[in-house]
Amino acid sequence: MITLKNICKYFDNKYNRTFILKNVDLTVAEGEFISIMGPSGAGKSTLLNIIGLLEEPSEGEYYFLDQPVHKLKEKQKTDYHRDYIGFIFQAYHLIEELTVYENIETPLVYKGLKTKERQAMVADLLDRFNIVAKKDLFPQQLSGGQQQMVGIARAIAGKPRLLLADEPTGNLHTDQGRMIMEMLKQLNEEGMTIIQVTHNEEFAKYAHRIVRMADGLLFDESKTKTASAV
Amino acid sequence: MKTLVLFFRGLINNKGFIYVKIISLMLGIAVTLLIGLWVHDELSFNRYHTNYSSIAKVMRNENVNHGDIYTSDIVTTGMGTLLKDQYENHFSGIALVRGRVEERIISSGEKKHMEKGYFMQPDAPRMLSLEMVSGTQNGLNDINSIFLSESVAHKLFGDSEAVGQMVKMDATYDLMVTGVFKDLPANTEFAEAKYLAPLDRYLGDWSNLNVWNNFNMYLLVQLKPGASFQETSQTIRHALRQHDPKTNTELFLHPMNRWHLHSSFLNGAEVSNSRFEMLQILIAIGFLILILACINYVNLCTSRSDFYAREIGIRKTFGSTRLWIIRHFLNESMLTILIAYLIALATLMLSLGWFNQISGKNLQIPWNSWQFWTISTAFLFIVNLLAGIYPAFYLSKLKPLKAISGQHSKTRLGISSRELLVVFQFTISIALIIGSLIIYKQILHAKNRPVGYTPQGLLTLYMNTPDYKGKFLTLRDELKNTGVIYEITASNYPVTTTKGWNSDFTWKNQKVKEESPSFNVVRVSPEYCKTIGLQFLQGRDFSREMKSDLSTIIINESALKMMELPSPIGETINRTNPSYNDKPGYTILGVVKDMVKGSPYDPAVPTILIPSEEDQKHLYIRINPAVSASQALPKIENVINKIVPAAPFDYAFVDDQYNEKFKEEERIGKLVSLFTFIAIVISSLGLFGLAAFIAEKRTKEIGVRRVNGARMSEILVMLNGNFLKWVILSCLLACPIAWYAMHKWLENFAYKTSLSWWVFAAAGGIAMLIALVTVSWQSWRAATRNPVESLRYE
């Protein structure tokens, strides 16, 4: 599903070039669940952003569903965001002016679905995430775990094939974190490809594969028990 | 729909300074609407007349072949008769109208009123499409007929039918009311007309329709359908050669649609008049204020971009296109503008009466006009273009990742372009402050000008009735007997005007000039100088006891300067063309200080006072300073009613009349200061928003500084100093602009104030004070914040 070849990301200063990513090669198959780990500043988030088409690599090739997406224009990227990729953020990034219901609805509006269809789909998601009672509340009125649940609901509302999660449990208690990870695992089992960035060894192990990074380099890949169990 | 819901949530939470935006836009829109109404009022002037586009005045250009061309819309009856006889087939209507409003006493039985009106030939009411309440438009054919306006008819006859009734004019002529017309609306040329009478009645037995040396008429014509003003102007251009083959005077047509705003001529060419200039100034001010308001919207939106950025970033990550975001922001700005517009309409509705009072206008919101609503709608879209487009494009451009991670806020450029806009706002405001100050300084300057006589405590009455004839001395004696007056005099022209000019004077050693100098000549009773309060520089006053004084004159300083006589007293002034009651020569008896007779901004006019044996019509009564006016007035009224019963006691105080002269400039001053005030409010609101934004932005910096030992005062100075820098820059920019503009404005006046440096300094000071007060609240809040709190944000 995803093939990264020789991806580099760097900034040029007056005298030297600072690398954030250096010759990264990575292949992700459809249906995989991958964790990216590494110390702060290793380039994990940048890698995730490049995969999510939020940032462009300085060099290298990126194929998404066999399409050379490093050549895409802004407008086409928007189509990918709409149809293929969902995001979960560490800080949830819910829109404060919108209710829970409206937040989840957002991607569906951009997909151009009719009100009736949207209502049905949002109702399903509210059901599934057990937040029907909270649908008219605003994000500030929810706990962190609940907010992240809404974040996930929103991310998968558009039925993306790839779900990107940047430290989805970073702001949460361990219990709430586990709840989120269980949800991701469940989504993966239903067939969604997931890539997450995390600092937490325990949560990393929910994935099939852990990719470790340091100083912009990919240096280790390991299968987890989860993977062997599959 | 979604936008609407979001918008009202924003209203509740005061999202992004929404109220500041609304108030700014409301002020901008209200001012623009107001000025729009003004412009409409000016442009619709005279459109009341159905034949608006085919009526013209015949005007004359004198001296076309040599030197300066003098243009006037006043012609002689001879000219009118000539055109009527020789060119009638070119017009579908032609009528002479007395070229000035005439005040007459109109009475019926016991009721008598001084009313203004026009004398005109019978065709004029039809040409002017007079709306008749009763009677017909062609009712002025008989010399003893008269039209009354609805209001006057009501005053005289109440609810009973006026047509067919008799009224008396000036207690002399019995006229039959042959028509009652609807009072003309205020924005028409002849709006003052409360009666219309036949021109023949005006000419009476002292003049006729073939006079060529008395310029006293308008000549109105109505073109035939399809004819053009230009071609017809060409046709009549040399018409006067039929009367005098050597004449240098040419005729042309001045269309009705140019009377109001284009009635000034310089060397034969049409130039904009003061009304048109005022209109231009107002349009410019209105446009600037609208821009100021839009700048606030733009500035507040873009300065709050961090606030929007996260939301935009999230939306973009979830597949929103740029277009969608642009549309969202444009919808939001449109809603803001719409609400601002509704509040502006309401505000206008409430304040229009007050505004009409200070502006002397009669503006109304045309609720029932579909054009008004169409133009308003178009206008709102234009405002949205001005205010909404830039933020929409600017904000929608934000890259989603940068927006989410907050990197966006680090751009220095964003701040400096906002600073620039604030500098622009303050430049405009300061320039307007300077403008208002100079206007008031000019008015004060003229008000403090020595008047040359004493207008206070001076009463004036116009005796336009035949039974006054020969009664001046009786009146004087009776009034003096009451003890409430100090002195009374009479003159043929009012002291507050410069009417009456003659140029046929010669004197010893007169320098030969191409044109003989003109003097303002006033015929007065011997008590004139004493009553008015003129101050003698040389010589002495007239005396009623000395009959020889009847062949003397008193001149003023300006006249003396013109005559260049080293010792004027006793010098002889001769007249080359004395009229029936003039003497061929006069001796100078005294010289008085200059008096302000015409505009207080014009130089004093050279004046000659001639003692008159006749009873002149303009009475001036100096009330005894020991008696209050309220005590004196009834006694004066008693005497006048006894001696001249036909005269209404329509008195006026000369100081009121004198103050009238300042009305136009005071009106401009009030308008400009009103708009200046609004401009300042808008600019301050913008600054307030920006100060909040900057204080917020520097929260962390302030925290760090305070942890490192900065005192609160130092932080206040740091934050406020920044703003003061901008205001000072604005001052530097505003001063030359304002200097130039006001220099131009002052060129309209001969007696003018100086552009003192302190005015500019004061304007800068005012702006700085306002700016300081505006930003200090925010700065103080930022500076007093607990540093621990502000640093925790990271």
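The model is predicted. Its largest nonpolar core has 86 residues. Chain A holds an open sheet of 4 strands. The mean pLDDT of chain A is 88.

**Nonpolar cores**

- Seen across such proteins, nonpolar side chains tend to be buried together in soluble globular proteins.
- The residues with the most contacts inside the largest core are B:I29, B:I289, B:I430, B:I434, B:F675, B:A679 and B:A691.
- Helix α19 of chain B, residues 663-697, gives this core its largest share, 17 residues.
- Another core, of 58 residues, lies apart from the largest one. Its members include A:L4, A:F33, A:I152 and A:A165.
- B:F675 is in contact with B:V31, B:I285, B:I289 and B:L432, leaving aside neighbours within four places in sequence.

**The open sheet of chain A**

- The strand order is β2-β1-β4-β5, and the pairing is antiparallel.
- Strands β2 (17-28) and β5 (67-68) of chain A stand at the edges. Each has a single partner strand, so one side of each is left without a neighbour in the sheet.
- Strand β1 (residues 2-12) and strand β4 (residues 59-64) of chain A run antiparallel and are joined by 5 bridges.
- A:I2 has A:F64 in β4(A) as its bridge partner.

**Confidence in chain A**

- In chain A, 97% of residues reach a pLDDT of 70 or more.
- Strand β8 (residues 193-197) has the highest mean pLDDT among the elements of chain A, 94.
- Helix α8 (residues 225-229) of chain A has the lowest, 58.

Note on methods. Residues are numbered from 1 along each chain as its sequence is written. Chains are lettered from A and ligands numbered from 1 in the order in which they are written. This is a predicted model: local features need pLDDT of at least 70, side-chain atom pairs count only at pLDDT 80 or more; totals for chains, interfaces and linings use all residues. A nonpolar core is a set of buried Ala, Val, Leu, Ile, Met, Phe, Trp, Tyr and Cys residues joined through C-beta atoms within 7 Å. A residue is buried if 20 or more other C-beta atoms lie within 10 Å of its own, exposed if 12 or fewer, and partly exposed in between; C-beta atoms are placed from the backbone. Helices (H or I, at least four residues) and strands (E, at least two) are DSSP runs, numbered from the N terminus. Two residues are in contact if their C-beta atoms, placed from the backbone, lie within 7 Å. Two strands pair if DSSP finds at least two bridges between them. pLDDT is the predictor's confidence in each residue, from 0 to 100.
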